[in-house]
Amino acid sequence: MSNSYTIPAQQDETCGDASSEATGLEKTGASHYLKGKVLVVKLGGSTLAHQKMVISDLISLQRLGLRPVLVHGGGPSINAMLEALHIPTHFERGLRVTDEQTLEVVCMVLRGQINEHLVLLAASMGGKAVGLCGTDGNMLHAHIADEHLGFVGEIDMVDPTIVQHLLDQGYLPIIAPLGRGDGCDCLNINADQVAAALAQALSAERLVFLSDVEGIRGADSTCIAELSEADAHRFIEQGVIHGGMIPKVTSSLRALEAVPCVHIVDGSEPHILLHEFDQHRRCGTMVVRNRGEEGPSIPPSANAQ
Ligand SMILES: Nc1ncnc2c1ncn2[C@@H]1O[C@H](COP(=O)(O)OP(=O)(O)OP(=O)(O)O)[C@@H](O)[C@H]1O
Ligand SMILES: [Mg+2]
């Protein structure tokens, strides 16, 4: 494929046992509880190599009655293309500084390459996916929040109508993180922020970030099972949470206003999205308002074996 230059090669994974894993989930009763509920998944650009497994799991979950929405990033692929074109890359607090030239590359890679590639992959696996970005159907309106960052959008308004229509018709929406600014400006929006804003607007049952780490690491470098709002702010201030983890954590906290369950997990873990709904195999970091206050949203009875 011509875009294989920027899209990471698919890891040699077999997805063959996805349906038996999904059948296992069905047996626990969790799938009955989750029927009709919306799941928003953010697939990090850092985790694109595991795209096949992720899409296979999403298709299995859709067959079990869940309404999944996939938002993807593309950081490393955009970096590779910028490097090939000798355009320098800069980040500030995890956000890409985006001048006009960089914006062109961001749009080309996210929409023209990665999004198209994921839709084709879903189709090849028997899924019914539709690729779109935040400028479609007036889904995402944003403004330039900081002139210094260039064409980086901060979300003002989300209209999820187009996504809801697609879900109603049984499609898997796959969304590239671009939005409309004033006039006909296209803006680059951090994919974590897009996923969180959509999850809120869709009143999703769950928001899952698939990244290249097992979860959020604390000061001692071990993975934190439950991160409270107070700890999150403290860790950001101390630099324990930095770079690309900052927008992930801040948007997780915002999403909690409407989404009962927000997880940050390792996208390379086999069938991590199916295990998400199995209380006994839970992993990664759950972001919560106050420690111990909010538990998982699946009633324990639904997970009884
Ligand atoms: N406290 C922390 N715990 C875990 N990872 C952290 C922490 N602080 C910073 N990070 C960094 O955050 C990175 C994940 O964010 P990053 O933006 O790079 O990936 P992504 O959001 O999954 O992909 P993309 O931005 O391409 O969509 C990790 O690889 C890690 O280096
Ligand atoms: Mg990121």
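Residues are numbered from 1 along each chain as its sequence is written, and chains are lettered from A and ligands numbered from 1 in the order in which they are written. Since the model is predicted, local features need pLDDT of at least 70 and side-chain atom pairs count only at pLDDT 80 or more, while totals for chains, interfaces and linings use all residues.

Q: Why is leucine 110 called buried?
A: Count its neighbours: leucine 110 has 24 C-beta neighbours inside 10 Å. The rule says buried means 20 or more other C-beta atoms within 10 Å of a residue's own, exposed means 12 or fewer, and partly exposed is in between, with C-beta atoms placed from the backbone. So leucine 110 counts as buried. You'll find leucine 110 in helix α5 (residues 100–124).

Q: What is leucine 110 in contact with, leaving aside its neighbours within four places in sequence?
A: Gly74, Asn115, Ala176, Pro177 and Leu178. Contact here means that the C-beta atoms of two residues, placed from the backbone, lie within 7 Å. Also, leucine 110 and glycine 45 sit 65 residues apart in sequence and 9.7 Å apart in space, C-alpha to C-alpha.

Q: What is said about phi in arginine 93 and serine 203?
A: Phi of arginine 93 is positive, near 45 degrees, though the residue is not glycine. Serine 203 isn't a glycine either, and its phi is positive at about 50 degrees. For background, most residues other than glycine have a negative phi. Arginine 93 lies in the loop between β3 (91–92) and β4 (95–96), and serine 203 in the loop between α7 and β11 (206–211).

Q: How do you know how α7 and α9 are oriented to each other?
A: Helix α7 (residues 191–201) and helix α9 (residues 245–255) pack at an angle of about 10 degrees, with their axes 9 Å apart. That makes α7 roughly parallel to α9. The cut-offs: under 35 degrees is roughly parallel, over 145 roughly antiparallel, 65 to 115 roughly perpendicular, and the rest oblique. Axes are lines fitted to C-alpha atoms, for helices over the stretch in contact, and angles run from 0 to 180 degrees between N-to-C directions. As for the names, helices (H or I, at least four residues) and strands (E, at least two) are DSSP runs, numbered from the N terminus.

Q: Which residues meet where α7 packs on α9?
A: From α7 come Asp192, Gln193, Ala196, Ala199 and Gln200, and from α9 come Pro247, Lys248, Ser251, Ser252, Arg254 and Ala255. The contact divides into 4 nonpolar, 4 polar and 3 charged residues. Ala, Val, Leu, Ile, Met, Phe, Trp, Tyr, Cys and Pro count as nonpolar, Asp, Glu, Lys and Arg as charged, and the others, Gly among them, as polar.

Q: What makes α7 mostly covered?
A: In α7, 11 of its 11 residues are buried.

Q: Which residues come nearest to ligand 1?
A: Of the 22 residues around ligand 1, Gly44, Gly45, Gly73, Gly75 and Gly244 come nearest. To be near, a residue needs its C-beta atom, placed from the backbone, within 6 Å of the molecule or strand. The elements that give two or more residues to this shell are α7 and α9. The shell divides into 6 nonpolar, 12 polar and 4 charged residues.

Q: How do you know that β2 and β8 pair?
A: Pairing needs at least two bridges found by DSSP between two strands. Strands β2 (residues 67–72) and β8 (residues 172–176) have 2 bridges, in the parallel sense. In β8, isoleucine 174 stands opposite leucine 70, and isoleucine 175 is the bridge partner of valine 71. β5 and β8 also run parallel, joined by 5 bridges.

Q: Why is β8 called largely enclosed?
A: 5 of the 5 residues of β8 are buried, so the rest of the structure largely encloses it. Leu172, Ile174 and Ala176 point one way, while Pro173 and Ile175 point the other.
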